[in-house]
Amino acid sequence: MIQPDARQLPRKKPRRSTLAKDRYGLLFIAPFFVVFLIFGLYPIISTFQLSLQKWDGMMPAFSIGLKNYTRILGDQVFYLSLWNTIRIWLGNAIPQFGIALLLVAVFTFSKIHGKNFYRAMFYLPNLITATSVGLLFNLLLDGDNSPINQLLTALNISGAPISFFQSKVLTSGLVSFVQWWMWFGYTTVIILAGTTTVDKSMYEAAMVDGASKPQTFWRITLPLIKPTLVYLAITSFIGGMQLFDVPLTLSNNLGDPGKAVLTVSMYLYNQGFKNFNYGYSATISCVLFLLIAGMSGFAYKAMRSKDGMYKL
Amino acid sequence: MKHHSFHLSALSIRLLLIFLTLLCAVPFLVVFINSSHSSLEIIQKFNLLPGDSVTDNYKTMQSLVDIWRGFVNSIVITVPYTILTGYFGAMIAYGFAKFNFRFKNVLYAIVLVSMMLPSQLTIIGFYRLCLNLHMTNSYLPFIIPGIANATTVFFLRGIIEQSISDSMIEAPRIEGCSEFGIFNRIVLPCIMPGVATMCIFNFVASWNAYMGPLIILQRKELYTMPVMISMIKGLYVTNYGAMYLAIAISVIPIMVVFAFFSRYIIDGLTTGSEK
């Protein structure tokens, strides 16, 4: 008879203290949700709400139904800015992943002295303020007497001095280049981190079986670091679709010449804060948000199902 | 024979690495070198060595716009923001790592989703919020969100789960230490290296933030460094030396942080991605 009581007594005590202490858990996490509701969730709801309204920032906003959405469907400038954004992203993401994978292969299969130094050097541009980077490259390139043009002239390159910012193709290419310059080191560092989880004995086994270094890299390393690559591709896409600072400071806030580097973020900024069409600006945000969410989800699913097929 | 071909490829690898290193370093070198040359020298030739016009450039730079004002403004935002991300990030991560409560998984899912939200796309709503709260021309909209930094929470939760055992918390609890006391005196000191790593990242992110300050801050004397830099071309026109000097000043804090903490930064990136 005594036995069950004796067993229950010591049990009760920790249980009660667990409940009491777990309330503190909620207390500890509460600040996140208070601040997130105000500065995270409210702007999201408010942006969506505004996409259905007309608001000039002064008079009260009023509802206009889906008018903003029908307008954006026929807005050639929006389509142009979307194409610019995607093109600039592709123009830097493809070489970014190419160079990063090459560097990862080099660092994995050759003994390089000063690996940490190279990693740090390649990563440095990623930390620098994007507006400073944009202005810096503008100063280096713009004008017949810019340092780059002086260098090209001294090297007797035909066509020098080049008017970089008169040409749509060159300006767009330069935005891609600057983005590549800022991000290839980051991509390299993250992929390298992914490869450290690959078991070294798998390489040895492949070598014993007579696989060459490139074969080992393509057939063993790449499939194993696929999750890292998918993560990088999706975050790079999300970031790339919001591109703003670099084209704005490298060119100007209209994305000249001829709106060649006008990105969606620049267009929504101009619509809101230059033309005071906050409602339409919010609509651009919502459409881009849907595109980003849809594409990211699709990419994630596609990679997942492909993985499944490999396993079968 | 085998050795020979290996040497060739080693050479081309070495050349590639040197080329990329130069590509990363030379633009910064040009900035620092040109910031000490007069505008005339800059448009006449490609300068390889520092010049002697740094004081003249400085005077020109300051006479047109007070760069240090922007510098101080950026510090006034960045330092409290960074401290908030570190302290509250650790506290929230501790709450998720070591306590059990209802809807914990749902709440943590919200944290993870908020990490992936493209924040620049809600900028109109953010602007309206700041108007409603009468917080335009205030630094609070950039400082307070530091409390809810999802990436820091995610990263530190992993560290707490790995490095803080339950007995480390139970012992002081039995001795009557308060729950906040346990967090402040035991948990926080133990995970300080991780907190510091995240703080470096958050410092850099806050220092570099552009679109938010550009929209919310309308009075010129409140402009942060990136906002000032983006307006320099219009202000300095052809004073190239002054422009290079201003860029150099905007870049130096990050360079200093990186010179001291590059190992922490890259290790932080690395551990963050392994999880």
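Is A:Lys259 buried, exposed or partly exposed, and how many C-beta neighbours does it have inside 10 Å? A:Lys259 counts as partly exposed because it has 17 of those neighbours inside 10 Å. The scale here is that 20 or more other C-beta atoms within 10 Å of a residue's own make it buried, 12 or fewer make it exposed, and anything in between is partly exposed, with the C-beta atoms placed from the backbone.

Before going further, some ground rules. This is a predicted model, in which local features need pLDDT of at least 70 and side-chain atom pairs count only at pLDDT 80 or more, while totals for chains, interfaces and linings use all residues. Residues are numbered from 1 along each chain as its sequence is written, and chains are lettered from A, with ligands numbered from 1, in the order in which they are written.

How far can you trust it? The model scores ipTM 0.87 and pTM 0.87. For single residues there is pLDDT, the predictor's confidence in each residue on a scale from 0 to 100. Chain A has a mean pLDDT of 86, with 91% of its residues at 70 or more. Chain B comes in with a mean of 88, and 95% of its residues reach 70 or more. Its residues 1-5 stay under 50 and have zero contacts beyond four places in sequence. Where pLDDT is low, the predicted coordinates should not be read in detail.

Now take chain B by itself. Its secondary structure comes to 14 helices and zero strands, where helices (H or I, at least four residues) and strands (E, at least two) are DSSP runs numbered from the N terminus. The C-alpha trace spans about 75 × 75 × 35 Å along its principal axes. Chain B has a radius of gyration of 24 Å, whereas a compact globule of 275 residues would have one near 19 Å; the radius is taken over C-alpha atoms, and the globule rule is 2.2 Å times the number of residues to the power 0.38. Of the 275 residues in chain B, 42% are buried. Among its contacts between residues at least 6 apart in sequence, 77% join residues at least 24 apart.

Both chains have two assigned domains, with bounds that come from an automatic or database domain assignment. In chain B these are domain 1 (2-52) and domain 2 (65-236), and their C-alpha centres are 37 Å apart. In chain A they are domain 1 (2-42) and domain 2 (67-311), with 45 Å between the C-alpha centres.

Next, look at where the chains meet. Each side brings 66 residues to the contact. On the side of chain B that touches chain A, helix 14 (240-274) is among the helices that supply at least two residues, and helix 14 gives the most, with 14 residues. By class, that side has 48 nonpolar, 13 polar and five charged residues. For this count Ala, Val, Leu, Ile, Met, Phe, Trp, Tyr, Cys and Pro are nonpolar, Asp, Glu, Lys and Arg are charged, and the others, Gly among them, are polar.

The largest nonpolar core has 140 residues, and those with the most contacts inside it include A:Val178, B:Ile92 and B:Ile247. A nonpolar core is a set of buried Ala, Val, Leu, Ile, Met, Phe, Trp, Tyr and Cys residues joined through C-beta atoms within 7 Å. Helix 7 (residues 168-195) of chain A gives the most to this core, with 13 residues.

Finally, back to the backbone around A:Lys259. Most residues other than glycine have a negative phi, and most peptide bonds are trans. A:Lys259 has a positive phi of about 55 degrees, though it is not a glycine, and it sits in the loop between helix 11 and helix 12 of chain A. A:Pro257 is found in the loop between helix 11 (245-250) and helix 12 (264-274) of chain A, and a cis peptide bond, with omega about 0 degrees, joins A:Asp256 to A:Pro257. In chain B, B:Phe103 has a positive phi of about 60 degrees and lies in the loop between helix 4 and helix 5. B:Phe103 counts as exposed, because it has 10 C-beta neighbours inside 10 Å.

How values were computed:
Contact = placed C-beta atoms within 7 Å.
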